[in-house]
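Keep the viewer open as you read.

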Amino acid sequence: MKKVLFLILLLMGFGLTQAQNSYTVYPIPFNPDPFAVGTPSGVAFDDTYGGIVALPFSFCFYDQSYAAIVIGSNGIVTFDTAQANLFCPWVFNQPIPASAVTDKTIMAPMSDLNPGMGGSITYDVHGVAPYRRFIVSYYQVPMFSCSTILFSEQVILYETTNIIETHILDKPVCGNWNNGNAIHGIQVDSVTAFPVPGRNYPSQWLVSNDGYRFQPVGACAGPPQTDSVNGKVYADYNNNCTQDPGEFPLANRAILANGGQFYGWSNMGGHYSIGMVAGTYAISEYLTSPFYASNCTPGGVYNVVLNGTVFNNADFADSAAIICSDVSVSIGSAGLRRCRQSLIGVTYCNNGTYPDSNVVVTVVLNDSITIDSANMAYTTIGLNTYAFSVGNLMPGQCGNINLHCAIGCDTAGTVYCFSASIAGTYALDCNNYNNSDNDCQSLLAPLDPNEKTVAAQDFLTHGYVRADNIDNDDELVYMVHFQNVGTAMSQDVVIRDTLDPSLSPESIQPGAASALYNYAVVGNVVIFRFENINLPDSNNNEPGSHGFVKFSIQQRPGNMLGTVIRNQASIYFDFEAPVVTNQTVNTIPLASAVHVGLQDVAQVYPNPGKDQLIVQRTVDRTLTFVMYDIAGKEMRRVELSGVRTVVPTADLEAGVYLYRLVADGQMLEAGKWMKQ
């Protein structure tokens, strides 16, 4: 039946329209409204559009205003109300713009879903006029022909600004149907569309905790970002909420609006400025140092309302838990290309609360690596050992040492190791564990210039790899390589890394890089921003066109045997479409040599629920039900001996929780449960 309807749609075709608008498409931090709340859409069957849903405000799409939408079962929201209660297309064999796709449509993304098998599709309204937002949520909707694979996404329409946002909680791939295809973007008609780069037909892709914004340019554009929040960040040693003499500005501190809807960083003078549109915002500081706390604003948050205004003096006075220096060092490479010149980079910082002086970084290289040039003077103090005098380091101050080195001609795959250490003169160092670092990389022949790798368990032998087995208490060390293969210099480079749910975002430790950078963690996304890196293109300066960043992260507590941790990064060169790296895969092997795999061993319902949930076993086997909050803290552990077990949840806060069903140390089933 699906194929017949698809042929009918192709024969019908769609009318063409002329428009004078456009959209800028760019990634944003994952920041959705609550899922699975609001009004049921009535879309509860496969391949159907629901009825007409009146919007609470007029919304401009392309160059026309609309008062209503229609919600489709396959991740589609359309302004074409003539589609109400009709067939919702599920198949496509060409990229958008395409006649097989409904006109005036938001695909968030479009893929073949089956709400008749479960999940919920709802809509809701939040905010205060004239800056309300209309939200359509698809929550844990099974994919057609892959009913155990659940899909969650959200579409947000903003009043006045006419911005469209999509927030994807989970977008898996069902390879059993329609070749796993999905399209993420908006289509005006069969000749005009704005897809997300890399997410048009025929690409297969999967993401989680992902956000994108479609910002109108032209007739539908809302007011410009004339609103802003400004302030400074400084050390407040005497806790009087005033910057007194001797209290230093703090650089590279991330300031977030609404947890990352907008964000910026403080400069070397401690000042920051964030441009925004009108609205209500909570302004907070993302603290990267455990030695500081923002105590001079209630809860560390400024609650501001902007409406064509500028909010000044949103200052963050960071009190110090301890007066100490914390000099740290990390070393890495943009890839060791055998018989050629390669870049080795050292990043050093003072993460403490007090300045340090006469700081020295010492680098020890493999005996097959020779320094050709460096961006800082050095002294040879031993065999393959070099000292760099950094001088004074203020709190929050960082620097980079770049070594352009000649690499030996050993066989490709040979691993070279090198190390760095740092020392200052201030008596008290907050943390001695970050005073040294080492790195091991295998010699490369043909090079994938944009690549993500992870440190192998046997690091000294294998260096970085794309896949490896790990233990559930292993720290993961990631390396992201990038290269400007364009035809002109790239002024800025941004790396967005969406973290696997089995990793703990709050444990991230940034490391070495090819240039200075700012970073922030927004939800489950870590953002590295190389501002004014001025990365040359490979045609004019091949060795200088490479860059890298390294970071480490802990797993969430309680990762079970059989857990698979996948990770990849998106690299943005100025305003170009992102370059998406390969995916790294780390597996916690099952204790048994026989791989049992994930299986359906119980039903967990109602989902979403409120004061209790029920776990009903579907196998004759004793199981343990374990529930964690989104930060990885264990909230429930219940032994399931009966067929049906009630788990009380009245004391839990509303939100998303993770659960696992375990037997004999093996994870047999995993999922998410929402508390309303």
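The paragraphs below take up confidence, the nonpolar cores, a surface patch and one glycine.

This is a predicted model, in which local features need pLDDT of at least 70 and side-chain atom pairs count only at pLDDT 80 or more, while totals for chains, interfaces and linings use all residues. Residues are numbered from 1 along each chain as its sequence is written, and side-chain values use heavy atoms, leaving out hydrogens and water.

Start with pLDDT, the predictor's confidence in each residue, from 0 to 100. The chain averages 85, and 93% of the residues score at least 70. Where pLDDT is low, the predicted coordinates should not be read in detail.

A nonpolar core is a set of buried Ala, Val, Leu, Ile, Met, Phe, Trp, Tyr and Cys residues joined through side-chain atoms within 4.5 Å. Buried means under 20% relative accessible area, exposed over 50%, and partly exposed in between (1.4 Å probe, protein chains only). The largest core has 37 residues, and F482, I495, F528 and F530 have the most contacts inside it. Strand β39 (525-530) is among the elements that give two or more residues to this core; β39 gives the most, with 5 residues. F528 touches, among others, V493, I495, Y519 and F551, not counting residues up to four places away in sequence.

Out on the surface, I322, I323, Y354, Y426 and L428 form a nonpolar patch with about 380 Å² of accessible area together. Patches are made of residues with over 30% relative accessible area and no salt bridge, with like charges joined within 9 Å and nonpolar side chains (Val, Leu, Ile, Met, Phe, Trp, Tyr) within 5 Å. A salt bridge is a side-chain nitrogen of Lys or Arg within 4 Å of a carboxyl oxygen of Asp or Glu. Areas come from the Shrake-Rupley method with a 1.4 Å probe; for residues, only the protein chains shown count as cover. L428 lies in the loop between β30 (415-423) and β31 (436-442). Its relative accessible area is 38%, so L428 is partly exposed.

Finally, find G198 in the loop between β12 (192-195) and β13 (207-217). G198 counts as exposed because its relative accessibility is 52%.

How values were computed. Helices (H or I, at least four residues) and strands (E, at least two) are DSSP runs, numbered from the N terminus. Contact means heavy atoms within 4.5 Å.
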